[in-house]
Amino acid sequence: MHQQVKWVSTLLLAILSSVSPLAGASTFRVVASFPVLEDLVKRVAGDDISVSTVVPPGADVHNWELTPPNVLAIEEADILFYNGFGLEPWLRHVKAMSDDSLLLKSVAENADFTPQPILTGRYKGTPDPHMWLDPEGAAAYVEVIADTLAEHYPDQAEGFHARAQQTYQALQLLDQAIKERLDGVPNINRTLVTSEAGLGYFARAYDLEYAAIWGVNHETQGSAQAMAQMSTRLANERPPALFYESTVACIHMDAQAREHGIKLAGPLYVDTLSPADGPAYNYPAMLRHNAELIHEALGGARPD
Ligand SMILES: [Zn+2]
């Protein structure tokens, strides 16, 4: 860790002592910590603000390490939106290197949305950071984003609030569509089991029982103890399927599936979006993809 701080400082010095070709450009720059948040910020920001993400699509936001292009983008940004509640352990390096000209804003810690505790593992009982998996949580993020942008760029406040309103409506329709789809899963099959306990808010929103092998991806994944606990649970309850996520190795859930003779399904998109040509290319697509996969694997009824 000491090494990394030293490396970041050296890099910063190199950047600061060179003349940036973008210095003085009129474009406002905002950075989001991971692709899901980037998508939500873009919906509110409009065309005059350049929005980028620190963690690229497909990578694990929990275990990211800053790259030289990340450092440059953060250095040029006015605002960095991050999730908070410990989702981005690497944020301590950003805090160490940034000065007062960068506004760091946690969307989850400022959201008007009640957190629930992490289910299991080393961080059990602390607030679960994955609020965006419930569209109501995403709407609460959008409110923080719109208020923050309006405060920082007051000339464009009206546009931010108008786009936020449109986004709330779109999120409500999305929520309704997912509810209707998952209502088709029979009562006896309504159990969701994933590797990381990242879908707690989703499970609460759509009335699913929920279990996971570990709590968050930045702890030990699939420890012997966590695997044994899940195995005991699956020996007693037999859900129709077990799920793995796009940013974790599926070996742990695959081992559980083989041991208990239960179908393995996935990937669910939880901590990231897919690349543009994948099934979870934006926030609504991510939730719809997850809902379809869960509906199918849990034996949901098909409309006639
Ligand atoms: Zn996660």
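Student: In this predicted model, which residue is the bridge partner of Val30 in E3?

Tutor: The bridge partner of Val30 is Ile79 in E3, and Val31 stands opposite Leu80 in that strand. These pairs belong to the pairing of strand E1 (residues 28-32) with E3, which runs in the parallel sense over 3 bridges. On E4, Ile79 stands opposite Leu103, and E3 and E4 pair in the parallel sense over 4 bridges.

Student: In what order do the strands form the sheet?

Tutor: The order is E2-E1-E3-E4, an open sheet of 4 strands with parallel pairing. Strand E2 (49-53) and E4 stand at the edges with a single partner strand each, so one side of each has no neighbour in the sheet. Neighbouring strands are turned by 20° against each other on average, direction ignored.

Student: How should I read the side chains of E3, and which of its residues point which way?

Tutor: In a regular strand the side chains alternate between the two faces of the sheet. In E3, Ile79 and Phe81 point one way while Leu80 and Tyr82 point the other way, and all are buried.

Student: Which strands does H2 lie across?

Tutor: H2 lies across E1, E2 and E3, and runs at about 170° to E2.

Student: How do I describe two packed helices, and at what angle do the axes of H6 and H10 cross?

Tutor: Two packed helices are described by the angle between their axes and the distance between the axes. The axes of H6 and H10 cross at roughly 5° and come within 9 Å, and the two helices are therefore roughly parallel to each other. Leu174, Ile178, Arg181 and Leu182 of H6 make the contact with Pro284, Leu287, Ala291, Ile294 and His295 of H10.

Student: What covers the buried residues of H5?

Tutor: An α-helix has 3.6 residues a turn, so residues three or four places apart point the same way. Helix H5 (residues 135-152) has 18 residues and reaches 25 Å from its first C-alpha to its last, close to the 26 Å expected. Its buried residues include Tyr141, Ile145 and Leu149, and among the elements that cover the buried residues of H5 are helix H2 (35-45), strand E3 (79-82), strand E4 (103-106), helix H6 (157-182) and helix H10 (283-297).

Student: Where is the pLDDT below 50?

Tutor: The mean pLDDT of the protein is 92, and 91% of its residues reach 70 or more. Over residues 12-26, however, the pLDDT is below 50, and this stretch has 7 contacts in the model beyond near neighbours in sequence.

How values were computed
Residues numbered from 1 in each chain as written. Predicted model: local features only at pLDDT ≥ 70, side-chain atom pairs only at ≥ 80, totals over all residues. Expected span 1.5 Å × (residues − 1). Buried ≥ 20, exposed ≤ 12 C-beta atoms within 10 Å, placed from the backbone. Contact = placed C-beta atoms within 7 Å. Pairing = 2+ DSSP bridges. Axes fitted to C-alpha atoms, helices over the stretch in contact; angles between N-to-C directions. pLDDT = per-residue confidence, 0-100. Parallel < 35°, antiparallel > 145°, perpendicular 65-115°, else oblique.
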